[in-house]
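Here's a quick briefing to read with the model open beside you. Take a look at the fold first, then work through the points below.

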Amino acid sequence: MRQAGRHGWQAQEDSPMENSVGQELGTPEPPAAESILAPRPPRARPRLVFHTQLAHGSPTGRIEGFTNVKELYAKIAEVFSISPTEILFCTLNTHKVDMQKLLGGQIGLEDFIFAHVRGETKEVEVTKTEDALGLTITDNGAGYAFIKRIKEGSIINRIQTVCVGDSIEAINDHTIVGCRHYEVARMLRELPRAQPFTLRLVQPKKAFDMIGQRMRSSKSLGESRVASGKETLRLRAQGPATLEEGPSPFEEEAARRVDDLLESYMGIRDSELASTMVEAAKESLGVAQLARGLDSMLGEFAFPQEFVAEVWAAVCQPKGGQE
């Protein structure tokens with residue numbers, strides 16, 4: 001029997017057939033409408049559409065329906081009829097190789113996405129005359145590690161052909177495609193001193209007006225800012241993307257401090273990883289609980305205990321009564 005006719009969720013509420021089916025003489029009137037209304041369905045998720053271009057120049061495309069970086073790259077590649085593996089990284093609201101505008105784990109709903117694709121391949125020979133090469137490594141979340149910063153006066157800074165934004169494709173002909181940034185940074189740290197090695201790099205394809213930057217200070221307050229005070233789409237490595245409010249000033253500053261610690265300890269920068277660690281620290285009661293949480297979520301990083309303690313201090317000790 002279908003007694004929910006005009007009171008339920010039928011598409012044709014006033015259909016005579018629906019009002020007459022199953023109604024027998026002498027049966028009591030149906031209960032009040034509010035007692036048999038079907039549960040209200042959850043509010044439909046808004047359709048999120050983003051505009052995108054290839055950074056070296058292209059028509060504008062529209063993309064939607066992605067939940068992580070790999071799916072985002074696949075959508076961009078589909079629009080421009082290229083392979084997703086051609087995309088090295090994306091920047092927000094600028095076509096230039098600007099690491100301050102690098103797409104991380106959050107996209108503001110009004111952000112314009114520029115995809116930087118593979119350009120020329122180059123090989124450089126480097127001799128490690130000191131322990132630190134002066135590189136800060138990050139990755140695109142889809143298999144490519146690339147140079148985010150070059151320290152002034154460092155070994156790499158003296159090699160003019162190496163630029164910020166170059167993807168590291170191989171070390172001594174050993175491919176590192178698919179490796180995470182911390183793995184690449186560890187490989188470079190473990191290279192012996194005084195022994196030359198070769199880097200195979202892929203630079204982003206550039207338009208005529210694009211000038212690759214050699215370095216950028218890691219102290220920029222705006223580095224992890226996407227769209228402060230506005231809704232953002234939060235991309236996650238696992239699980240669906242979520243629509244969230246932009247980070248608070250406290251969260252932005254805490255994530256910046258943690259990102260600085262990642263660079264200091266591990267030679268990487270990763271704003272999304274830093275934000276994840278800030279969230280974990282806020283939910284932990286102390287350093288020991290934070291260490292257990294990070295080991296559970298991010299065990300492959302093998303964070304040293306002193307690093308975890310500094311993360312806790314960077315996030316939780318400076319609060320000073322802030323909520």
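F146 is a buried residue, with a relative accessible area of 1% (buried means under 20% relative accessible area, exposed over 50% and partly exposed in between, using a 1.4 Å probe and protein chains only). Keep in mind that this is a predicted model, where local features need pLDDT of at least 70, side-chain atom pairs count only at pLDDT 80 or more, and totals for chains, interfaces and linings use all residues. Residues are numbered from 1 along each chain as its sequence is written, and side-chain values use heavy atoms, with hydrogens and water left out.

**Aromatic rings**
- F146 teams up with F89 in a stacked aromatic pair, at 4.8 Å centre to centre and 25° between the planes (rings of Phe, Tyr and Trp, its six-membered ring, pair if their centres lie within 6.5 Å; planes under 30 degrees apart count as stacked, over 60 as edge-to-face and the rest as tilted).
- The two partners come from distant parts of the chain, 57 residues apart: F89 is in strand β3 (residues 87-92) and F146 is in strand β7 (residues 145-150). Helices (H or I, at least four residues) and strands (E, at least two) are DSSP runs, numbered from the N terminus.
- F89 is buried too, with a relative accessible area of 1%.
- The count of aromatic pairs comes to seven, and ring pairs also link Y182, Y265, F301, F303 and F307 into a cluster.

**The nonpolar core**
- The largest nonpolar core has 80 residues, and I113, I168, L188, M277 and F303 touch the most other members (such a core is a set of buried Ala, Val, Leu, Ile, Met, Phe, Trp, Tyr and Cys residues joined through side-chain atoms within 4.5 Å).
- Setting aside neighbours within four places in sequence, I168 is in contact with residues including F146, I147, L188 and R200 (contact means heavy atoms within 4.5 Å).

**The β1-β2 hairpin**
- Strands β1 (residues 49-54) and β2 pair in the antiparallel sense over four bridges (two strands pair if DSSP finds at least two bridges between them).
- Six residues sit between β1 and β2 in this hairpin, and G57 in the turn has a positive phi of about 125°.
- Strand β2 (residues 61-64) has G61 and I63 on its covered face, with R62 and E64 on the uncovered one.

**Helix α7**
- The buried residues of α7 are L290, A291, L294 and L298.
- What covers them includes α6 (271-282) and α8 (305-316).
- On the face turned away from the buried side, α7 carries the exposed residues R292, D295 and S296.
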